[in-house]
Amino acid sequence: MESASQHSAACPQRIETGEITKSPFAQIVIELTQAEYIQLKWDANYWKGQYHQVKQKNEDLKLRHLDSLS
């Protein structure tokens, strides 16, 4: 595994284009298969759903705790 210092040394900090300063990653084009794209979308939706469930559970527990203190 690369350390952060090795990785950052390999990547230029910024690319000057004249009009707008862009990060190096804005210049990189990648290709995904349709299956990879679908998996990426499913995974994103899964984790968003998990986040919302935990957020709601946390709010419910806070309310229950405040009610128990009263």
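The protein chain exposes about 7000 Å², of which carbon and sulfur atoms supply 57%; areas come from the Shrake-Rupley method with a 1.4 Å probe, and for residues only the protein chains shown count as cover. Of its 70 residues, 1% count as buried (under 20% relative accessible area; exposed is over 50%, partly exposed in between). This is a predicted model, in which local features need pLDDT of at least 70, side-chain atom pairs count only at pLDDT 80 or more, and totals for chains, interfaces and linings use all residues. Residues are numbered from 1 along each chain as its sequence is written, and side-chain values use heavy atoms, without hydrogens and water.

**Fold and confidence**
- The protein chain has 2 helices and 2 strands (DSSP runs numbered from the N terminus: H or I of at least four residues, E of at least two), in the order α-β-β-α.
- Mean pLDDT (the predictor's confidence in each residue, from 0 to 100) is 82, with 71% of residues at 70 or more.
- Confidence is lowest in helix H1 (residues 4-10), at a mean of 53, and highest in helix H2 (residues 34-69), at 97.

**Surface patch**
- Phe25, Ile28, Ile30, Leu32, Tyr37, Ile38, Leu40 and Trp42 make a nonpolar surface patch of about 900 Å².
- Among them, leucine 40 lies in helix H2.

**Aromatic pair**
- The structure holds 1 aromatic pair (ring centres within 6.5 Å; planes under 30 degrees apart are stacked, over 60 edge-to-face, the rest tilted).
- Tyrosine 46 and tryptophan 47 have ring centres 4.9 Å apart and planes at 80°, so the pair is edge-to-face.
- Tyrosine 46 is partly exposed at 46% relative accessible area, and tryptophan 47 is exposed at 56%.

Methods: Patches are made of residues with over 30% relative accessible area and no salt bridge: like charges are joined within 9 Å, nonpolar side chains (Val, Leu, Ile, Met, Phe, Trp, Tyr) within 5 Å. A salt bridge is a side-chain nitrogen of Lys or Arg within 4 Å of a carboxyl oxygen of Asp or Glu. Buried means under 20% relative accessible area, exposed over 50%, partly exposed in between (1.4 Å probe, protein chains only). Rings of Phe, Tyr and Trp (its six-membered ring) pair if their centres lie within 6.5 Å; planes under 30 degrees apart count as stacked, over 60 as edge-to-face and the rest as tilted.
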